[in-house]
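Welcome, and thanks for taking a look at this one with me.

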Amino acid sequence: MASFDTELDTARRIARQAGDILLRIYATDFAVQDKAGGMGPVTEADEQANAFIVAELRKAFPGDGVVAEESDNGSEGRRERCWYVDPLDGTQEFVNRNGEFAIHIGLAVGGQAKVGVVFRPVGDVLYSGVVGQGGFVEREGARTALRVSDVAEPASMRLVVSRSHRSKTTDAVAKQLGITKEKESGSVGLKCGLLAEATADIYIHTSGKSYRWDNCAPEAVLRSAGGILTDLGGTPYAYDGSELQNHRGLLACNAVAFPHVQPVVARFAREAGILR
Ligand SMILES: Nc1ncnc2c1ncn2[C@@H]1O[C@H](COP(=O)(O)O)[C@@H](OP(=O)(O)O)[C@H]1O
Ligand SMILES: [Mg+2]
């Protein structure tokens, strides 16, 4: 079995250095712009971290493709190995200055998420994992193995939802499943990190407006911990460059509850027109 130690260590190092770039700008009176196409806010932090991460990945792995939120053209995703980079996931939270933002560096191999690093600079929390080989969370110098929860009963599940992009469909699914425990967090990666360390059990994202850089690293971290990430219909996303947008939303869950909750999620997503 290939080890991916070099890829993981390099991605961890690059994520931490990019975190310094974000924090430097976070401490300033940075400007915020709206991205074209309703794609949300962007700052010089997104752009500077993006340029740094892409340059470092190209230097370290010249044969690999790189797709990144602020600079991609998408065509490199068709290579056997491709890195998916979100230099600042949770830009709205960065703008709101609540600390709930992360750097995502993921590697897809053969179109599947394989290696993932999700780094939260505020609070210094780093999730990393290799699918099939386990994952870790590093927090204030301590390193703990990741393992998703085994909460199987839907009514006992802890739901984590977007802080800035709440959805009525998610609320309706939660009600149907009898979920009463809910937590908000920014960033797809941080929400998947909470699942991977078993402090949440399910995450439902009903917009069709996220992109593969939002979920590649989070999926690798979550799967390394035994969890599952698919579209709302229960089908895994392919990271093969054929499509970058996640038109069918995101469902992340522990493995034991997934078969029970996924059909309910799919039914509500179909009724809301997110799945056809
Ligand atoms: N309803 C929605 N519409 C558009 N983008 C959304 C969205 N919900 C989430 N996203 C995207 O998903 C990412 C995480 O969002 P959230 O923090 O709310 O979970 C953000 O990525 P970026 O911050 O990298 O642009 C955001 O743009
Ligand atoms: Mg993002």
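1. Which element gives the largest share of the shell around ligand 1? Please keep in mind that this is a predicted model. The answer is β4, with three residues.

2. Let's stay with the ligand. Ligand 1 is surrounded by 18 residues, and the closest are Thr 91, Ser 162, His 165, Ser 207 and Lys 209. Sorted by class, the shell around ligand 1 holds ten polar, six charged and two nonpolar residues. Domain 1 (5-145) and domain 2 (154-271) each supply at least three residues to the shell.

3. Next, please look at the open sheet of five strands. Its order is β11-β10-β12-β16-β14, and the pairing is mixed. The edges are formed by β11 (181-185) and β14 (228-230); each has a single partner strand, so one side of each has no neighbour in the sheet. On average, neighbouring strands here are turned by 20 degrees against each other, direction ignored.

4. Within that sheet, β10 (residues 158-162) pairs with β11 in the parallel sense, over five bridges.

5. Helix α6 (residues 212-224) lies across β14 and β16, and runs at about 150 degrees to β14.

6. Now for a pair of hairpins. Strands β7 (residues 125-130) and β8 (residues 134-139) are antiparallel and share six bridges, with Val 130 opposite Gly 134 in β8. Three residues lie between these strands, and Gly 132 in this hairpin takes a positive phi near 90 degrees. Strand β8 is also joined to β9 (residues 142-145), antiparallel again, by four bridges. Here Val 137 stands opposite Thr 144 in β9. The hairpin of β8 and β9 has two residues between the strands, and Glu 140 takes a positive phi near 45 degrees.

7. Finally, is Thr 10 buried, partly exposed or exposed? Thr 10 sits in helix α1 (residues 5-26). Thr 10 counts as partly exposed because it has 19 C-beta neighbours inside 10 Å, while a buried residue needs 20 or more. Thr 10 and Ile 25 are 15 residues apart in sequence, and their C-alpha atoms are 23 Å apart in space.

Terms used
Residues are numbered from 1 along each chain as its sequence is written. Chains are lettered from A and ligands numbered from 1 in the order in which they are written. This is a predicted model: local features need pLDDT of at least 70, side-chain atom pairs count only at pLDDT 80 or more; totals for chains, interfaces and linings use all residues. Two strands pair if DSSP finds at least two bridges between them. A residue is buried if 20 or more other C-beta atoms lie within 10 Å of its own, exposed if 12 or fewer, and partly exposed in between; C-beta atoms are placed from the backbone. A residue is near a molecule or strand if its C-beta atom, placed from the backbone, lies within 6 Å of it. Ala, Val, Leu, Ile, Met, Phe, Trp, Tyr, Cys and Pro count as nonpolar, Asp, Glu, Lys and Arg as charged, and the others, Gly among them, as polar. Domain bounds come from an automatic or database domain assignment. Axes are lines fitted to C-alpha atoms, for helices over the stretch in contact, and angles run from 0 to 180 degrees between N-to-C directions. Two residues are in contact if their C-beta atoms, placed from the backbone, lie within 7 Å.
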